[in-house]
Amino acid sequence: MSGTARSQLRLLARDPVLLVLLTVIALSIAVFVVYPLVKVFMASLHVNDVWTLDGYRELAERRLYRNALVNSLSVAALVGIISVAIGYVAAFVLTRLEVPGKTLLHYITILPIVSPPFVSAVSILFLFGFNGLVTRQLLGLNDFSIYGFHGVVISQVFTFAPIAYLSLRGVLASLSPTLEDAALNIGATRWQTFWKVTFPLSLPGIASAFLVVFIESMADFGNPLVLAGAAFPMLAPQAYLEITGSFNLSRGATLAIVLLIPSMTAFAIQRYYLAKRQYITVTGKPTASTSKIVSNPMKWLLYGIVSFFAVLVTAFYAVIIVGAFTQVWGFNYTPTLAHFRYVFDVGLDSVKDTLIVAIVSTPISGILGMLVAFLVVRRVFPGRTALEFGSILSFAVPGTVVGIGYILAFNAPPIILTGTLAILVLCFVFRYVPVGIQSGIAVLRQIDPSIEEAAQNLGASGLTTFRKVTLPLIAPAFFSGLVYAFVRAMTAISAAIFLVSANWNLMTVQILNQVGSGRLGVSAAFSVVVIVIVLIAIGIISFLINRWTRHTSMVRFQ
């Protein structure tokens, strides 16, 4: 053991609270993040009680599985390109140009993020399905099918383009327009300035956004399950069907490992680009960030593109709302409350279960995220890098893999959690805590450590310093972690569908079940209820965080 490691261990020994905290967190990550992934890998090699690679050979030989891999990769690549293009234009217009309605367009653009990830698939069925408003009612098409490649691409673009927009918004907002002005002043055209100055500076952000969307598309479960169809197999739903339809855990695990490889590769590349961006700084940024490289006609063209996307998003959600109050979509458009009566009668238990899971998992995820961020940034101990990597590992793992891993890991001794509230809460906590961790790390690196050192010099313990000083300072990151954890707990499907039971069911699973049964009105009603709950919860969390921050600030300065 090196001298540095020994000194770090001595420091830990002098702070027993920190030692216990680190031990508990490290064991939790090992049990609830690493162990399920190990079980998936072992199951993929354990076929009919024999350790073998036959499962992987079968995947290579059978056309169904080869097609599923190719389809998933091609959809993810195309969705990544289209989503980044839309996100870049939206981010550029809403951060660099003077156009009307920026705030409204911003909120409409990010609306799909706070709704179930397959709401766009349900909207597409309302509009372009066999009894769709556009295909059947307006155009009279009887043989048009939205199922397959084009349906999945369209639904995923509307689901994930807002993620690309948020990733690129900060990148473009931070670019100094003085660099563009300098290029224009020495005779460069607007196009040359964009291509030689603006685009290269935003390229790391573009690559990062593409890789995030690629990972999300590969991991997406709901949209392909609704719209892919039997003729267009994809990895995530195919793994689910192998387990629930064929009861073949080993084959489902093998497909999960195959799904994991491109997702982990994209995640590693994305992390590389994020690390690279940390060394890029632009000094002398003025207070305004208005770009002059766009001519007036081009400005309004780009604005029109962003407005058109916002109109489409609005139309998708308007269709969901109308469908929730429609008797039978495509046949009888008489207004009715029957679908909502079903939700709050037959489906009331799933509404309660979803709220309980979200309410229990959200504060645990938020506090755990801030604790891990604090330990990684403010404390030195052996294995710090491993702890950070393990804590964010679940973000790179597709939900299907996580769900299969939890079933394999906690369906038998020594830990049996199947069918309980605990398995859903633990899954959501460790799956969605990485966003809070990364937000906390980013904020803590901007806060001078001397503020916390002053509190400790006055006699405050490490835990008291974190609770009274650090946590109020990182309230924005804490809020982001809470909101993300709650939204994902309310809208998650890919991992949760493996973990629900007769005792604990979720609204997102109910939505998929209703779509599969052809009850689109009920699925739309469930979707509306989810969206309303999420929006109300975001408002409540924001209010509580602001009130708590004001209170702690007053106490600190009295």
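Which residues lie nearest the centre of the largest cavity? Before I answer, please keep in mind that this is a predicted model, in which local features need pLDDT of at least 70 and side-chain atom pairs count only at pLDDT 80 or more, while totals for chains, interfaces and linings use all residues. Residues are numbered from 1 along each chain as its sequence is written, and side-chain values use heavy atoms, with hydrogens and water left out.

Rolling a probe the size of a water molecule over the atoms shows where empty space is left. On a 1 Å grid over the protein atoms alone, a cavity is a set of points where a 1.4 Å probe fits but cannot get out, a pocket is an open set with protein on both sides within 12 Å along at least five of seven lines, and lining residues have an atom within 4 Å of a point. Grid points are joined across faces, edges and corners, and a volume is the space filled by probe spheres set on the points.

By this rule there are 3 cavities of 30 Å³ or more, and the largest cavity has a volume of about 390 Å³. Its lining has 24 residues, and those nearest the centre are Glu216, Arg431, Tyr432, Arg488 and Ser494. Two or more lining residues come from each of helix H8 (149-174), helix H10 (190-219), helix H19 (421-444) and helix H22 (475-491), where helices are DSSP runs of H or I with at least four residues, numbered from the N terminus. The lining of the largest cavity divides into 15 nonpolar, 5 polar and 4 charged residues, with Ala, Val, Leu, Ile, Met, Phe, Trp, Tyr, Cys and Pro counted as nonpolar, Asp, Glu, Lys and Arg as charged, and the others, Gly among them, as polar.

Turning to the open spaces, the second largest pocket holds about 440 Å³, and of its 17 lining residues Tyr88, Val89, Trp191, Phe194 and Leu302 are the closest to its centre. Helix H4 (63-96), H10 and helix H14 (296-324) each give at least two residues to this lining, which consists of 15 nonpolar, 1 polar and 1 charged residue.

Finally, let us look at one residue, Thr354, which is found in helix H16 (residues 348-378). Is Thr354 buried or exposed? Thr354 has a relative accessible area of 1%, so it is buried, a word that means under 20%, with exposed meaning over 50% and partly exposed in between, for a 1.4 Å probe and protein chains only. Beyond its neighbours within four places in sequence, Thr354 is in contact with Ala489, Met490, Asn505, Leu506 and Met507, where contact means heavy atoms within 4.5 Å.
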